[in-house]
Amino acid sequence: MNKAFIKIISFVSVISALMCLVGLGWVLKDQWTEAKTISPPKQATEAPEMTTNHQLQIAALGDSLTRGTGDPEGKGYVGYLIDGLEKKANKKFLLTNSAIKGQTSKQLLSQIKQTEIQRQIKQADFILLTIGGNDLFQGIVKSSMKTK
């Protein structure tokens, strides 16, 4: 083979390997910082009074999209939605975000059976739910494994 061709292939291989390592590092950094930055869900201490000053409660359930994974501020769509609603409605919202990174639909069904989650849902004025991405991803992984 031509020496120049071998050098080009080697260079491209090294660059590709470095890009893979950077991507892996990025994912691992996100995994490690995620566990440190997520605060436990805020819990309502008592049932709200139904008045005009009632603090609206939002229960968020689902996967990493609902959790806010990948967002530099860790808010995700839920946090930005609440920020916008608070500005427009001139009211405060109490968020209970019980979403779990990597959760599937089957795992969400198990989570919903928990007493605390049921209480959060019953007290919520609004429920935000995003689920299914991990189900699709697992289906793709299983399909690709069958073809090998």
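Me: What is the accessible surface of the protein, and which atoms does 65% of it belong to?
Reply: The accessible surface comes to about 10,900 Å² (Shrake-Rupley method, 1.4 Å probe), and carbon and sulfur atoms hold 65% of this area. This is a predicted model, in which local features need pLDDT of at least 70 and side-chain atom pairs count only at pLDDT 80 or more, while totals for chains, interfaces and linings use all residues. Residues are numbered from 1 along each chain as its sequence is written, and side-chain values use heavy atoms, with hydrogens and water left out.

Me: What are the elements of the protein, and in which order do they run?
Reply: The protein has six helices and three strands, taken as DSSP runs (H or I of at least four residues for helices, E of at least two for strands) and numbered from the N terminus. From that end the order is α-β-α-α-β-α-α-β-α.

Me: Why is strand E2 called largely enclosed?
Reply: Four of the five residues of E2 (residues 93-97) are buried, so the rest of the structure largely encloses this strand; buried means under 20% relative accessible area, exposed over 50%, and partly exposed in between (1.4 Å probe, protein chains only). Across the protein, buried residues make up 25% of the 148 residues.

Me: Why does asparagine 97 count as buried?
Reply: Asparagine 97, which is found in strand E2, has a relative accessible area of 8%, and therefore counts as buried. Its side chain reaches the backbone oxygen of threonine 66 at 3.0 Å.

Me: What makes E1 and E2 a pair?
Reply: Two strands pair if DSSP finds at least two bridges between them, and strand E1 (residues 56-62) and E2 have five, in the parallel sense.

Me: Is glutamine 103 buried or exposed, and why?
Reply: Glutamine 103, in the loop between E2 and helix H4 (105-112), has 3% relative accessibility and therefore counts as buried. A polar atom of the glutamine 103 side chain lies 2.9 Å from the backbone oxygen of glycine 62. Leaving aside neighbours within four places in sequence, glutamine 103 is in contact (heavy atoms within 4.5 Å) with residues including Asp63, Leu108 and Ile131.

Me: Why is isoleucine 15 called partly exposed?
Reply: Isoleucine 15, in helix H1 (residues 3-37), stands at 35% relative accessibility and therefore counts as partly exposed.

Terms used:
A polar contact is a pair of N or O atoms within 3.5 Å; within protein, one must be able to donate a hydrogen and the other to accept it, and residues adjacent in sequence count only if both atoms are side-chain atoms.
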